[in-house]
Amino acid sequence: MAIGDFKLLSQLRLTHFTPQHRVPTIALVLNEVIPTGKFDRLAPSEEGHGSGAFATEVGVNVQHWFLLNNGRLLRARVNVLQRFYDRTKVEGRSVYGTGAGFRGHARPGARTTLIGAVEYGLTNEWVLAFDVEADFAGRARIIGQEASGGPLVSTSSPPSRDVGFAPAVEYNWSPSTGALLGLWIIPKGHNSPPSVTPAIAISKFW
């Protein structure tokens, strides 16, 4: 088990859906990624779980509710996010493909994320959810020396893209508190390895 990067989330709501005012809820999103996952000075058989770089993410979130013929609610959501990374110091073997003697810097490429999701209310407490996410990452730039006193090297990693999906189940024991258990499944993409990641979330609203 490993800890990846941490993300601080914020949003500013522009419109609000109500039964009387049936327009989609639209919000502007501003997030900050904190590099808490290990990314460099990796052992030969160790995998990294972070980027090492702070990043700012901006985007828009649109969601709408539909009352189905059976009386249950279906919530549809679309997110568009763009992430911009700072430069980070890199030492040794890292997620950027550098070797054990490397010393230098890297800047991950900008990342675009598109998310489409639906949530279906089975009961007032139980909700089924399904997300589809597409990620497009630009080239990461790396500059430094592979060994002390060695020549300066400047290179870049290829861009990547992948599409994943996440089935989940949510239980709400009050109108303001709930928990979600799901699974992120990402098949092999373009320059992107496959992965399966359990996901657990606790939500609380005031």
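Which residue forms a salt bridge with Arg75? In this predicted model, where local features need pLDDT of at least 70, side-chain atom pairs count only at pLDDT 80 or more and totals for chains, interfaces and linings use all residues, the partner is Glu119, with the closest N and O atoms 2.5 Å apart. Arg75 sits in strand S5 (residues 73–85) and Glu119 in strand S8 (residues 111–121), so this pair ties together parts that are 44 residues apart in sequence. Strands here are DSSP runs of E, at least two residues, numbered from the N terminus. Both ends count as buried (under 20% relative accessible area, with a 1.4 Å probe and protein chains only): Arg75 comes in at 19% and Glu119 at 16%. Residues are numbered from 1 along each chain as its sequence is written, and side-chain values use heavy atoms, with hydrogens and water left out.

A salt bridge means a side-chain nitrogen of Lys or Arg within 4 Å of a carboxyl oxygen of Asp or Glu, and searching the whole structure turns up eight of them. Another one joins Glu57 to Lys7, at 3.0 Å between the closest N and O atoms. Glu57 belongs to strand S4 (residues 55–67) and Lys7 to strand S1 (residues 6–8), so the pair links parts 50 residues apart in sequence.

Arg41 is exposed (over 50%), at 57%, whereas Asp40 is buried, at 8%.

How values were computed: Helix = DSSP H or I, 4+ residues; strand = E, 2+ residues; numbered from the N terminus.
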